[in-house]
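Happy to walk through this one with you. Let's take the labels one at a time and set each against its cut-offs.

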Amino acid sequence: MPPDLNAGLTPQVLVWGGGSGGVAAALQAARSGADTLLLTPASWLGGMLSAAGVCAPDGNELSPWQSGLWGALLRALEHREPSGLDHNWVSCFGFRPRTAETILQEWVAAEPRLRWWPGCRLLDVRRQGDRISAVRVQVGPEGGTNQGERPWIEPQLVIDGSDRGDLFPLAEAPFRLGWEAAEDHGEPSAPSRERLTGDPFFRRQPVQSPTWVVMGQLDQERLPAPAEPPDLAEPFQQACSRFGLERTLTYGRLPGGLVMLNWPLCGNDWHEGLERAFSGDALQDNALERAMQAHSLAFLASLEQACEGALVAGDAFPGALALMPYWREGRRLVGRDLVLEQHLLPQGEGASIAALPLEASGAIAAIAVGNYANDHHYPGGDWPLAPKSCRWGGRWSGTPFALPYGALVSATVSNLLAADKCLSVSHMANGATRLQPLVLNIGQAAGLAAALCLRHGCTPAELQVRTLQEALIDDRLAPASPVPLWDTPWHHPQRRKRQKQVLDDPSLLSPTGTWMGPAQPGHQPPASPHERLWQGELRPDGQGGYRLRVSSPSQAEAGRDWPLITLEPELHQWLLQLDSPRSVRLVAHANPWGPWLRASRLAD
């Protein structure tokens, strides 16, 4: 059914979507009382979480960072996927694209203040002084009743929730695209200006390489016996050389044996002609997309041949190809604050969190927490990046950082906010801020900020950050935690109180990111689907990890030696005290493809 155009031409908040942050912003704006219109170019609305098929998320995996809309979606996915989320080794969570999309569409449909128009194309933006006064779109294909129409929409506030910052050039909103030199901001991993101007690599590679995800269906029992890595067809010849065929496939394994092919090592990352995506020429953009699709289908075909029938094209969208490309980077807003690489790194000896962003008054400006290590995709070898990882819970995790509200607010367009990876960050910082969980929470903050601006009669630049922070912390459906407290998970009974107290008194947050206020009794996480009781001998492995030699739950498992990890701070602290083998009973999720047990709590 086509949208009712007459009912949506003067929304309070207009969200141009197509990214995960777009749907998050629209949901939160509507839930917070604003009449909201969400426009997306395709028929799915979840961006990289669903339509782009990147369904094994990186970052924000530890329970202290599982807050906000990301945490709410994660827990909905845990209950919706019949076999749980423990299916691969790149992430602690894997789900089918359709499952995420179904949840998001149900959430959108449940909001009476939210209208969604799929199948839209941006045509024009009208400015009145420093404001966006109207946005013109084409709705649906040309021809037909109530389709192909080109209405002008007149919102009060506009949010760009797209991967590539689509609104910025049309709105004449200043944006950044591409690299910054080390001399510009002192970023430790940025190239020198001499390299930027003299090396043709930087002209060929204006942004990180995107990927067009393609899905396979794997029958693991039929895989050929392990041998030398298969010799795939060019240009994928070395794709399995580092990990072998089975590990290459189970990297992104999802429920039901789907495998997400989003493989950077001589796989289906795309590196050619990326400037075409930002030329404004739809024909060039379409040609680029067709080339990316063909490349990913060729990668799937090469793996199918190596698997001798154990891998076929997956039916996920439907069909094997994702509905949109996974853009890691695009245009980036020139905002009131610019997030740099050094803002993401632990500051000072012994620190395990980045310095908190501050307003000019000295108040904390944080509105969302991320913790991804930083990761850039280009042709050739890995780009050397400043380290920001640590051992935690028996595994490697990225150290946390907080994003300031000013990174979402345009410096020059008074009613424009960013809600996706198009926020105000540098090229180098984008490698840690572009991930699905953080982008969902960036979108949540942008949508809530828009609703609060309407409620208080102010512009985004005038909104008091503390007002936004408290509304995020107290949110009824998806309470968020804008301050990085390592030892205060989403389910902690003192979470809300601690978050507000740190905002009042930053000295309550230690340099290691732990709570410095009055001690509280221990707190165990709630039960979750698919967890089981395990018993055996637990011992440290001497390398910062742990292993459990199983004596139960079943005779078939007896004697198996599992690596053990945890995402829970209470259990992490207990594990740090383990210096010799000990008999334990604990609750965990088994991931045979990790392989690991993801433990949540001791049973006694």
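**Labels and the values behind them**

Q: What makes both faces of strand 10 covered?
A: Leu258 and Met260 on one side, and Val259 and Leu261 on the other, are all buried in strand 10 (residues 258-261). Buried means under 20% relative accessible area, exposed means over 50%, and partly exposed lies in between, with a 1.4 Å probe and protein chains only. Strands are DSSP runs of E with at least two residues, helices are runs of H or I with at least four, and both are numbered from the N terminus. In a regular strand the side chains alternate between the two faces of the sheet.

A word on the source: this is a predicted model, in which local features need pLDDT of at least 70 and side-chain atom pairs count only at pLDDT 80 or more, while totals for chains, interfaces and linings use all residues. Residues are numbered from 1 along each chain as its sequence is written, and side-chain values use heavy atoms, with hydrogens and water left out.

Q: How do you know that strand 9 and strand 10 pair?
A: Two strands pair if DSSP finds at least two bridges between them. Strand 9 (residues 214-218) is joined to strand 10 by 4 bridges, and the two run antiparallel, so they pair by that rule. Gly216 stands opposite Val259 of strand 10.

Q: What makes strand 4 and strand 6 edge strands?
A: The open sheet has 3 strands in the order 4-5-6, with antiparallel pairing. Strand 4 (120-128) and strand 6 (152-153) each have a single partner strand, so one side of each is left without a neighbour in the sheet. Strand 5 (residues 131-139) meets strand 6 over 2 bridges in the antiparallel sense, and Trp152 in strand 6 is the bridge partner of Arg136.

Q: Which residue takes a positive phi in the hairpin of strand 14 and strand 15?
A: Gly393 does, with a phi near 65°, in a hairpin that has 2 residues between the strands. Strand 14 (residues 389-392) and strand 15 (residues 395-398) pair in the antiparallel sense over 4 bridges, and Ser389 stands opposite Gly398.

Q: Why does the end-to-end distance of helix 2 agree with its length?
A: The expected span of a helix is 1.5 Å times one less than its number of residues. For the 13 residues of helix 2 (residues 68-80) that should be 18 Å, and the end C-alpha atoms are 19 Å apart, which agrees.

Q: Why is helix 2 called mostly covered?
A: Of its 13 residues, 10 are buried. Among them are Trp70, Leu73, Arg75 and Glu78. The cover includes helix 1 (20-31), helix 3 (97-109), helix 11 and strand 22 (596-602).

Q: Why is Ala56 called buried?
A: Its relative accessible area is 3%, and the label buried needs a value under 20%. Ala56 lies in the loop between strand 2 (36-39) and helix 2. Not counting residues up to four places away in sequence, Ala56 touches Asn88, Val90, Ser91, Phe93 and Met260, where contact means heavy atoms within 4.5 Å. Ala56 and Tyr251 are 195 residues apart in sequence and 9.1 Å apart in space, C-alpha to C-alpha.

Q: What makes a space a cavity or a pocket?
A: On a 1 Å grid over the protein atoms alone, a cavity is a set of points where a 1.4 Å probe fits but cannot get out; a pocket is an open set with protein on both sides within 12 Å along at least five of seven lines, and lining residues have an atom within 4 Å of a point. Grid points are joined across faces, edges and corners, and a volume is the space filled by probe spheres set on the points. The count comes to 2 cavities of 30 Å³ or more.

Q: What lines the largest cavity?
A: The largest cavity has a volume of about 80 Å³. It has 13 lining residues, and Ser67, Ala368, Val369, Asn441 and Ser481 are the closest to its centre. Strand 13 (366-370) and helix 11 (436-456) each give two or more residues to this lining.

Q: How many residues line the second largest pocket?
A: There are 34, with Trp16, Arg121, Arg164, Asp166 and Asp285 nearest its centre. The pocket holds about 950 Å³ of space, and helix 9 (282-307) gives the most to the lining, with 4 residues.
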